[in-house]
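Here is a short report on one protein chain. Look at the sequence and the model first, then read on.

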Amino acid sequence: MSEFPDYLDVDYTDGEGETPATYPSIEHKIEKALEVTQKGLEQYENPAVMWTGGKDSTLTLYFVKEVAEKHGYDLPTTVFIDHFQHFDELMQFVERWADEWDLEVVYARNTDVGDYVDENGLTPGDDIPVDALSEHNQHHIRNILEYEEDTFPFLLDTYVGNHLLKTVALNDTLESENIDGIISGIRWDEQEARADETFFSPRHDPDIYPPHDRIQPILQFAEADVWDAFWHFVVPETVEGYPDEGYVPQDYDDLPNGLTHEDIPVSPKYFEGFRSLGSEVSTEKAEQEPAWLQDLENTTERAGRAQDKEDLMERLRDLGYM
């Protein structure tokens, strides 16, 4: 990666000053997503797709699959950050669709933390001694985060826990897999910390993370647009037997033509009322009705998550998180 990013020809200003309103229709948004995705697959030597099993990253994965198939690109590796606190249903969803779509999934895990948790029978919220971890993790805790306590809780909703379980796991995987571009499903409207992102975003400081770029095809989608794309484009085009013109389910059991949840590349948790799928420990359903039928304009997408602090998100992003 010593020459990075000299072999690239991408516009790091693409998207500056834009908002979802810059792309007035779902067709405009999809066209831009396909354009960015194609550029990403064309320009990067070893790109990967960041997949959480959530709606945004699954939509992004759909665009990658469409572009790769149409233009003859190899389907990139998929990276899934396993922070050990996922909903069981989410893990089952990921495994199901990884198999269905023939994905090569790399699970980014901080195994040092995970092994300590397993060996000591810990549950979320239990304390982990800093000195029980590897020199690599202790460096991050003491020197990067400047954390001075002797222990930290095994929780995502803390600065140390989130950094070790997500950011360190991701950065270690970027390095071990020699990834030069991560295709990610973040959106401008999702959080204030992401509102100024561009479609191609450089991460080149080797003191913080393995140098790479973020390729971000769905910045221009609002939450409602994501669901519009799913029910009128993604699901009709990928699920045999789904109405070609699209169909928006009205409750958990409202699937057409005898289809089941296993047939649909949308996590059942969204049907249950969840709008965000952070972790089993810290995420609650927003309402009883499916996510896409809720008041998306006047309520907060991540309201069901205990961790919704812009300052924490900004600090984590500075250290290499999404």
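## V248 in its loop

V248 sits in the loop between α7 and α8. Helices here are DSSP runs (H or I, at least four residues), strands are runs of E (at least two), and both are numbered from the N terminus. This is a predicted model: local features need pLDDT of at least 70, side-chain atom pairs count only at pLDDT 80 or more, and totals for chains, interfaces and linings use all residues. Residues are numbered from 1 along each chain as its sequence is written, and side-chain values use heavy atoms, with hydrogens and water left out.

V248 counts as partly exposed because its relative accessibility is 26%. The classes are buried (under 20% relative accessible area), exposed (over 50%) and partly exposed in between, with a 1.4 Å probe and protein chains only. Which residues does V248 contact, leaving aside neighbours within four places in sequence? They are W231, H232, D254, W292 and L293. Contact means heavy atoms within 4.5 Å. H232 is 16 residues away from V248 along the chain, and their C-alpha atoms are separated by 8.0 Å.

## Two nonpolar cores

The largest nonpolar core has 30 residues. Such a core is a set of buried Ala, Val, Leu, Ile, Met, Phe, Trp, Tyr and Cys residues joined through side-chain atoms within 4.5 Å. The residues with the most contacts inside the largest core are L59, F221, W227, W231, I264 and V266. The largest share, 7 residues, comes from α7.

I264 is in contact with F93, W97, W231, V235, V239, Y242, L255 and L259, leaving aside neighbours within four places in sequence. Another core lies apart from the largest one. This other core has 28 residues, among them Y44, F93, V94 and I186.

## How α1 packs on α2

Two packed helices are described by the angle between their axes and the distance between the axes. The axes of α1 and α2 come within 9 Å and cross at roughly 65°. Axes are lines fitted to C-alpha atoms, for helices over the stretch in contact, and angles run from 0 to 180 degrees between N-to-C directions.

On α1, the contact is made by I30, A33, L34, T37, Q38 and L41. On α2, it is made by F63, V64, V67, A68 and H71. These residues divide into 8 nonpolar, 3 polar and no charged. Ala, Val, Leu, Ile, Met, Phe, Trp, Tyr, Cys and Pro count as nonpolar, Asp, Glu, Lys and Arg as charged, and the others, Gly among them, as polar.

## Two buried polar residues

S201 is in strand β7 (residues 200-203). S201 counts as buried because its relative accessibility is 6%. Its side chain makes a polar contact with the side chain of R203 (2.4 Å). A polar contact is a pair of N or O atoms within 3.5 Å; within protein, one must be able to donate a hydrogen and the other to accept it, and residues adjacent in sequence count only if both atoms are side-chain atoms. Not counting residues up to four places away in sequence, S201 touches Y12, D213, R214 and Q216.

N110 lies in the loop between β3 and α4 (111-119). At 5% relative accessibility, N110 counts as buried. Its contacts, leaving aside neighbours within four places in sequence, are F84, N137, L164, V168 and A169.

## Positive phi in two loops

D102 is in the loop between α3 (88-100) and β3 (105-108). Its phi is near 55°, a positive value in a residue other than glycine. D102 counts as exposed, at 66% relative accessibility.

N178 is in the loop between α6 (159-176) and β6 (181-183). N178 has a positive phi of about 55°, although it is not a glycine. At 42% relative accessibility, N178 counts as partly exposed.
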